[in-house]
Amino acid sequence: MSLVLLCSGQGGQHPGMFGRVGGNARAQPVLNLASELLGAPIEQIAAEDGRFRNAVAQPLVCAAALAHWEGLRDALPPVTAVAGYSAGELAAHAVAGSFDTATCLRLALKRARLMDAATPGDAGLLAVIGLDDVRIARLCAAHGIFLAIVNGPDHVVLGGTRAALTAASAEAATSGARVVPLPVCVPAHTPLLTVAAQGFEDALHSVTLRPPGLRLLAGIDGRVVGDVDRVVATLSAQISQPLQWHVVLQQAVERGGRVFLELGPGAALSRRARELHPQLEARSVEDFQTLEGVLEWVDRACARA
């Protein structure tokens with residue numbers, strides 16, 4: 001076994017994100033559930049400007065990952081591990097069997113609402129590439145912002161108010177960093193959302209949970225989630241604690257992962273996997289026009305691994 005599944009977070013939504021699974025009999029129930037939850041056909045919602053709005057984006061990215069999983073799962077080889085980035089960690093748990101698809105989509109909507117309610121006015125996330133951890137720590141201290149995600153040794157995401165992020169962005173740029181404001185309107189994975197994390201813990205206690213049936217790596221530390229208590233602890237904590245995505249990828253490799261498939265939308269996770277671990281075979285469903293193309297690649301890649 002060498003296949004690792006990655007479930008995308010927000011930011012990569014686009015009008016054609018469900019094109020590969022449209023009409024697929026196994027994926028259609030996921031699309032129907034998401035459409036019912038959001039009150040309109042999911043393909044229509046993905047084509048609207050509001051697809052980046054938090055309350056829409058979180059169930060949207062979960063629906064995309066799960067629709068592709070359902071369309072592919074019966075023909076995929078055994079899975080070594082599964083992990084999800086931010087909101088995508090909910091989808092990863094549904095893939096691993098911690099809860100069903102309907103519960104996942106409802107939890108995604110609840111998570112988004114709690115985060116929106118806890119978010120201070122005009123806040124968001126900023127990617128900073130090219131600064132070491134010492135300079136990042138100084139930047140956060142100087143501007144009252146927070147480390148949200150560590151994607152690699154010189155690639156982080158910071159969260160805070162837009163005014164503070166703008167000031168930090170200017171300073172980082174003068175130090176030679178590349179800065180990219182992200183299309184996310186909440187300071188996810190920072191202490192600013194502690195109240196949302198507490199509320200989401202309560203929400204998790206109110207639904208039926210199971211221990212993951214597949215090896216699932218938590219976003220906050222890369223460690224395996226093996227029981228229901230840790231499902232609750234890690235999914236709630238990641239709302240207000242930094243994600244250690246580089247650690248997640250390293251742990252997946254150490255546990256035998258050689259072929260990484262991102263379930264979309266977007267291809268940021270598979271690209272980062274290749275950057276950090278050039279020996280890997282890593283692609284996204286977004287790289288292919290059809291599910292058949294995805295499966296042919298996975299088969300070839302696993303045969304080479």
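**Close-up views of a predicted model**

View 1. Ser-169 counts as buried, because its relative accessibility is 14% (buried means under 20% relative accessible area, exposed over 50% and partly exposed in between, with a 1.4 Å probe and protein chains only). This is a predicted model, in which local features need pLDDT of at least 70 and side-chain atom pairs count only at pLDDT 80 or more, whereas totals for chains, interfaces and linings use all residues. Residues are numbered from 1 along each chain as its sequence is written, and side-chain values use heavy atoms, with hydrogens and water left out. Ser-169 lies in helix H7, residues 162-174 (helices are DSSP runs of H or I with at least four residues, numbered from the N terminus). Leaving aside neighbours within four places in sequence, Ser-169 is in contact with Leu-126 and Val-179 (contact means heavy atoms within 4.5 Å).

**View 2. The salt bridge between Asp-221 and Arg-230.** The closest N and O atoms of Asp-221 and Arg-230 are 3.0 Å apart (a salt bridge is a side-chain nitrogen of Lys or Arg within 4 Å of a carboxyl oxygen of Asp or Glu). Asp-221 is partly exposed, with a relative accessible area of 22%, while Arg-230, at 16% relative accessibility, counts as buried. Asp-221, Arg-223 and Arg-230 are linked in a network of salt bridges.

**View 3. The salt bridge between Arg-283 and Asp-287.** Here the closest N and O atoms of Arg-283 and Asp-287 are 3.1 Å apart. Arg-283 counts as partly exposed at 27% relative accessibility, and Asp-287 counts as partly exposed at 35%.

How values were computed:
Helices (H or I, at least four residues) and strands (E, at least two) are DSSP runs, numbered from the N terminus.
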